[in-house]
Amino acid sequence: MGRKILFRAVIFIGGFSFIAGAIFFALAYFTVSIPNPNDYVNSQATIIQYSNGAEIGRLGAQNRTIVPLARIPLDLRYAVLAAEDRNFYSERAFSITGILRAVINNLRGGALQGGSTITQQYAKTAFLTPERSIKRKIKELVIAIKLENQLSKDQILENYLNTIYFGRGSYGVETASQQYFNRNVNQLTLAQSAVLASILRSPGYYDPSYSRANAERLAARFDYVISGMVDAKWLTKEQAVKTKFPIVRARVTSGSLSGPKGYVIALAQKELNALGFTDDQLLIGGLIIRTTLDQKAQQAAVDAVDKQTPKKVPEGLHIGLVAIRPGTGEIIALYGGKDYLVRQLSDATQSIALAGSTFKPFALIAALEQGIPLTSIWNGNSPQIFDDLGKPYPVSNYGNEAWGQVSLLKATSHSVNTVYVPLGIKVGPDKVVDVARRAGIPQSVAMMPTPSVVLGPASPHVVDVAAAYATFAAQGIYAKPFLVSQVQGSNRGVLYEAKLQGQEVFTKDVIADLTYALSEVVRSGTGTYGTAGLRRPAAGKTGTSEQNASAWFSGYTPQLAASVAFFRDNASLSLNGIGGLTSVTGGTFPAKVWTAFMKGALKGEPKKAFPAPVHIGGVDPIVMTSPSPTATPSPIEPLLPTETLLPTATL
């Protein structure tokens with residue numbers, strides 16, 4: 001009898017608990033609402049975009065960039081499913097076993113854990129507080145069920161991949177791709193996708209930048225993910241064998257302005273302020289900012305610097321790169337530094353460096369405008385002394401190499417100082433300065449009309465030199481560089497639209513001969529070593545300043561102009577020794593970075609030819625009398641050495 005009463009009591013209590021639980025769950029189902037997912041993943045922050053509409057970053061929001069599922073590679077989607085929820089597309093919104101395990105663990109005093117589906121994880125991440133309790137777990141369950149009733153599996157996966165935290169201050173797969181691999185999500189390889197899928201489980205436990213133990217755990221987790229993809233038939237065994245663990249980028253400061261993109265966003269904000277948009281408007285106004293930046297070219301710039309810069313470099317080495325579309329002024333790529341949050345001074349638009357021989361084309365243009373031909377013959381011996389307003393001005397060639405009687409064309413291709421200084425004196429240093437100003441070197445860059453001006457003692461920004469060479473590429477049309485092309489309001493009305501304005505500053509004939517001469521720099525001169533492998537028409541000029549304080553390569557194709565500079569924190573510090581080179585000239589690492597960038601930026605673009613030279617002044621050699629009062633001076637120390645092609649063995 002007693003046992004029957006006890007049995008009935010248990011049945012009654014169980015039934016009552018079930019009914020109470022069902023009522024509680026029903027109450028929760030009808031009282032817990034789902035916030036609008038867009039309210040979470042979107043905000044009134046200003047969105048900065050590439051020219052194609054893809055997002056670069058945001059002002060006033062978490063470090064998050066929203067991407068549609070179509071732009072997220074299948075490999076990454078499969079890798080995440082293999083890591084987190086292999087039955088996502090076939091199962092319900094929640095896992096009964098996972099919830100029971102969590103409840104039991106909670107009753108025992110432990111942490112809620114394990115077993116959550118991707119739908120549950122999204123509900124927890126997007127809509128709930130970090131509170132660890134059964135109540136919050138039930139809310140998570142209710143929201144997950146409602147999500148599944150209202151959204152497709154693809155929509156849930158897209159939202160999940162755009163909200164999940166990957167560590168390093170990055171939310172979502174796009175910013176995680178930038179943080180760990182310095183590229184956009186649609187450019188990830190299979191191996192890189194598997195790494196991100198492995199890290200998201202617990203970034204602090206798997207991010208290899210924290211410890212060797214983390215790196216070992218990540219490698220094991222990576223193997224688990226790849227194996228899971230094979231088991232699910234998303235990957236063949238042959239593909240799995242070929243998939244090797246990739247190089248993971250070193251951790252940089254986190255935040256919406258972290259990494260190289262911070263310099264782009266900062267420049268955009270500066271331009272917007274100049275256009276009358278206040279910081280308050282940019283932080284909470286919900287503006288859409290379309291820039292001139294080309295996504296492919298920008299990635300090529302970052303990759304070129306990362307891959308072509310020596311691994312062991314001295315502290316305080318800076319690299320700037322700017323690429324401009326000829327004739328329009330549109331900045332299509334900009335590299336201002338490795339991490340904006342570490343150094344808020346852009347090496348592309350704010351830092352300055354001695355220009356060196358990148359200024360020689362200005363003297364060549366002045367000469368061509370005065371009818372001095374490329375065939376003119378000059379004394380290229382070294383050293384020589386020239387007159388500088390009554391004072392002796394000693395000049396030597398790089399390595400003190402004596403070229404003898406040499407044509408202006410050859411003196412250009414090999415950057416012969418002892419030809420270019422008298423050339424500048426003959427045409428007039430003031431004319432050289434005038435040409436530089438017309439080409440795009442702004443008034444803010446000090447230039448003195450002295451014999452040394454042709455050797456680049458001035459200190460421009462990288463963007464200034466890029467603008468000048470874009471003028472050459474545009475056959476004499478100058479256009480002021482700019483980054484912001486359009487501003488839309490929160491209602492998508494256009495608030496600002498950039499207008500392309502070009503001005504002819506040089507004749508096409510002069511630029512045709514200039515380009516012919518600068519093409520020789522690439523074909524057989526100081527730029528040959530670093531530009532090998534470009535395999536398309538190109539023209540450019542190397543530049544190395546006094547004591548190797550800076551090294552440049554600036555050049556162009558018919559479609560694109562770019563300038564690259566290497567320099568130190570202090571102009572008294574030398575680049576010598578970097579990458580094992582005794583002397584770092586413009587034809588070495590700067591030219592290599594420029595070439596790698598051009599190959600990536602112009603990949604798939606047609607090869608276009610430059611206009612043929614017109615041979616201003618005729619094709620017959622004309623011997624020019626040197627203005628030097630001293631023909632054979634005693635050996636001297638060169639003031640502004642420039643570069644020539646180094647023997648292969650020393651590069």
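Reply: A polar atom of the Lys 153 side chain lies 2.8 Å from the backbone oxygen of Phe 88, a polar contact (a pair of N or O atoms within 3.5 Å; within protein, one must be able to donate a hydrogen and the other to accept it, and residues adjacent in sequence count only if both atoms are side-chain atoms). The model is predicted: local features need pLDDT of at least 70 and side-chain atom pairs count only at pLDDT 80 or more, while totals for chains, interfaces and linings use all residues. Residues are numbered from 1 along each chain as its sequence is written, and side-chain values use heavy atoms, with hydrogens and water left out.

Lys 153 belongs to helix H7 (residues 153-163); helices (H or I, at least four residues) and strands (E, at least two) are DSSP runs, numbered from the N terminus. Lys 153 counts as buried because its relative accessibility is 16%, buried being under 20% relative accessible area (1.4 Å probe, protein chains only).

Next, helix H16 (residues 360-369): 9 of its 10 residues are buried. Among them are Lys 360, Pro 361, Phe 362 and Ile 365. The buried residues of H16 pack against helices H17 (408-413), H18 (417-427), H19 (429-439), H20 and H21 (508-524), and against strand S14 (539-544). After H16 comes Gly 371, with a positive phi near 85°.

Phe 362 is also one of the residues with the most contacts inside the largest nonpolar core, which has 91 residues. A nonpolar core is a set of buried Ala, Val, Leu, Ile, Met, Phe, Trp, Tyr and Cys residues joined through side-chain atoms within 4.5 Å. Helix H20 (residues 462-473) gives the most to this core, 10 residues. Apart from this core lies another, of 45 residues, including Phe 181 and Leu 235.

Phe 472 is likewise among the residues with the most contacts inside the largest core. Not counting residues up to four places away in sequence, Phe 472 touches, among others, Pro 361, Phe 362, Ile 365, Leu 514 and Tyr 556; contact means heavy atoms within 4.5 Å.

Last, Met 624 sits in the segment after helix H23 (589-601). Met 624 counts as buried because its relative accessibility is 15%. Leaving aside neighbours within four places in sequence, Met 624 contacts Ser 376, Ile 377, Trp 378 and Lys 426. Met 624 and Ile 377 are 247 residues apart in sequence, yet 5.7 Å apart from C-alpha to C-alpha.

Note on methods. Buried < 20%, exposed > 50% of the residue type's maximum accessible area, 1.4 Å probe, protein only.
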